[in-house]
Amino acid sequence: MTLRKFTTSMIITGFLLCGGAVQAASYQFGQLLAGNGPTNPYFADLEITDNGSGNWTFTLTALDLNTIFGSSSFIGSMAVDGVKPTSISTVAGGGVTAVNLQNGGGPTGIFDFRYDMINPKNDKLTGLESVTWHVGGLGSATLPGFNGELALHVQGIGSNGDSAWYVATSPVPEPETYAMLLAGLALIGFMTRRKKRLAA
């Protein structure tokens, strides 16, 4: 009986360690926050991974901006309401050569800083491009939620060159989240069935 309890404890501990090792979240942008642009277009995906020790990885992918916003449109920055990192590095080969940290930003004044994606020589995130960057120095900060903590600034909209800010529309659950949920439910079912069998 002691061996069975030990085995069960080890399985539960393994699930907890696997689930707590890395946090990840996916965001779909398209809810208009401010500015002159379409109301609810789905135009960008953002993946954020917490690599531990205050280090995060961001990957922003723009969809077909030309069809949605016009041929001159691009994503200029992402405003963040949260802890500002102390270091940043951009992965080579994306749609933007360098993502830079800037203070402030956003249309409502609640955002603490922004990631700028506009650089000299017309280097900016346009349609069907993506960029990945790493940040450090965030301490024990948690991943942003879906209550307006992140906003993308789309510029060059339409023939007038308007701009607009958009927030994430809804969370996209990670496959690992579903796997951990199913494994947990299976373990609870197994333990309940086993207790009923022993009680009979």
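**Exercise 1.** Identify the residues with the most contacts inside the largest nonpolar core.

*Solution.* A nonpolar core is a set of buried Ala, Val, Leu, Ile, Met, Phe, Trp, Tyr and Cys residues joined through side-chain atoms within 4.5 Å, where buried means under 20% relative accessible area with a 1.4 Å probe, protein chains only. In this predicted model, local features need pLDDT of at least 70 and side-chain atom pairs count only at pLDDT 80 or more, whereas totals for chains, interfaces and linings use all residues. Residues are numbered from 1 along each chain as its sequence is written, and side-chain values use heavy atoms, with hydrogens and water left out. The largest core holds 36 residues, and F43, L60, I75, M78, Y115, M117 and W133 have the most contacts inside it. Another core, of five residues, lies apart from it and includes A79, F111, A151 and V167.

**Exercise 2.** State which residues I75 is in contact with, leaving aside its neighbours within four places in sequence.

*Solution.* Contact requires heavy atoms within 4.5 Å. By this criterion, the partners of I75 are F43, A44, L60, A62, L65, M117, L125, L152, H153 and V154.

**Exercise 3.** Determine what share of the chain is buried, and what share of its contacts between residues at least 6 apart in sequence join residues at least 24 apart.

*Solution.* Of the 200 residues, 34% are buried. Among the contacts in question, 67% join residues at least 24 apart.

Conventions: Buried < 20%, exposed > 50% of the residue type's maximum accessible area, 1.4 Å probe, protein only.
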